[in-house]
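Okay, thanks for coming, everyone. Have a look at it first.

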Amino acid sequence: MKKISTKLAASFIISFLILDTVLMVYLHQTITHARVDEEWDRLLETGSNHRNVLEDNYNETTLHHIVLMENGSERDVAIVDETGNIIQQSAVNEDVLTTYIRQIQEEKPTEDMIVPVDWNQSPYLVSVHPYVAGENSGTLLMFQSTIPIRQLVHQLNLHFILAGGGSIIVLFIVYFLLSKWLTRPLIRMKEATEQMSKGFYNVDLPKLANDELGELATSIRTLSNDLRRVKRERKEFLSSVSHEMGTPLTYLIGYAKVAQRGGLDESERFHYVAIIEEEAERLKTLVKNLMDVAQMDEMTFSVTKSEFSAQQFIQDIVQLVQPSFDMKDITLHIEAAHDFSLIADRMRLEQIILNLLDNALHYSKSGSIVIVRAFQEKAYAVLQVEDNGCGISAENQQEIFEKLYRVEKSRSRSFGGAGLGLAIVKELTEAHGGTIEVQSELGKGSIFTVRL
């Protein structure tokens, strides 16, 4: 399997080489064509000057002077009459000259022109300049050697090869440094995820710059912390569930054995059966709450909203739980200034309020008051449950909505509950798009506020 550093190197090097090659070919062609055009322009200009001098003063001296000016340079000149006979010439190759004289005789040009040639194959660039000097007429031919152009191209090739080789060397150096800089953190992250897959969540990743790699490292650290927390919570969850389910099961088994003994009168047997029934109900409630929590974790529960009266909703709930509060001599009071419409899942909202009322019932003393409020606050529908119970300390108020968290650590049966009610309330409230908060003070009671 190819490593990311290899893929990065291949992609980087190929991209750079393609770009470098295109750029070098473009520069090579541009410089070469510019030099060839420059030679053509200079050749035409020089030939035109010679032609003008020849037309102004046509004699042997002028002819000799023109040939003398080009003798020994990179250019050559030849002057022929109208019949193609050579009048004067410099050191131009006879075979080449004869070829172009024959071409001129066939085409008979009337103005300055460039003879199309492939400079890469031909020894000369050639320009033609017809002249008319009184009774004398003919053609002046200029020849520019292509050796300097080929030398320039050879030098360009050499320099471009050196530049390309140097670029590749620099490219590999940059790649080596870049791959170390980029892939080392990735390798560390890969090792960290491998440790996490084996159950070791205490990973150590370096703090990187505020870029994509830094965000990835932060996400992995966050994931590690979340997994470590989930592992701890799962352990606590299993321990708590074992404890919560173990207690009623122990009572069920114990009192079932006692109830089976002979010699018990009916009142004693009924007492033990009543305890068995109470513990069975407790176990049933615990299992139901655990199922609710499992559904929320898997997002398998649904919320179907409808519109209904807030006042009627509160009255129905109070009527449902009133006997339990009367048995404990706790006054249950409703405060609702006016009726308004609630838009929510009635069954799920009922579950929220029932859990809050059950919480208030367990933690309130006989003779106290529990108040249920329903009112509107700007764009929110607000439901409150206030009790005069034992209250919750400030450090515990942020944790009471966690699963299986209980303020009363001893799990005394006198307070009941498995620490699931408020977790269910929070999940259901958030499923409605709402919020829940608590205001509480030790010894003075608590106010739970649900905003939808």
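So, Asp20: leaving aside residues up to four places away in sequence, Asp20 touches Gly164 and Ser167, where a contact is heavy atoms within 4.5 Å. Asp20 sits in helix H1, residues 4-56; helices here are DSSP runs of H or I with at least four residues, strands are E runs of at least two, and both are numbered from the N terminus. Its relative accessibility is 13%, so Asp20 counts as buried, given that buried means under 20% relative accessible area, exposed over 50%, and partly exposed in between, with a 1.4 Å probe and protein chains only.

Before I go on, the housekeeping: this is a predicted model, with local features needing pLDDT of at least 70 and side-chain atom pairs counting only at pLDDT 80 or more, while totals for chains, interfaces and linings use all residues. Residues are numbered from 1 along each chain as its sequence is written, and side-chain values use heavy atoms, with hydrogens and water left out.

Which residues does Glu39 pair with? One is Arg35, with the closest N and O atoms 3.0 Å apart, and another is Arg42, at 2.9 Å. The cut-off for a salt bridge is a side-chain nitrogen of Lys or Arg within 4 Å of a carboxyl oxygen of Asp or Glu. Arg35 and Glu39 are four residues apart in the helix, about one turn, and Glu39 and Arg42 are three apart, again about one turn. Is Glu39 buried or exposed? Buried, with a relative accessible area of 2%, whereas Arg35 is partly exposed at 23% and Arg42 is partly exposed at 35%.

Searching the whole structure gives eleven salt bridges.

Over to helix H5, residues 212-259, where you'll find Arg228. Arg228 touches Tyr201 and Asn202, again skipping residues up to four places away in sequence. Arg228 and Tyr201 are 27 residues apart in sequence, but their C-alpha atoms are 5.7 Å apart.

And the overall picture: the protein chain has nine helices and twelve strands, and of its 452 residues, 38% count as buried.
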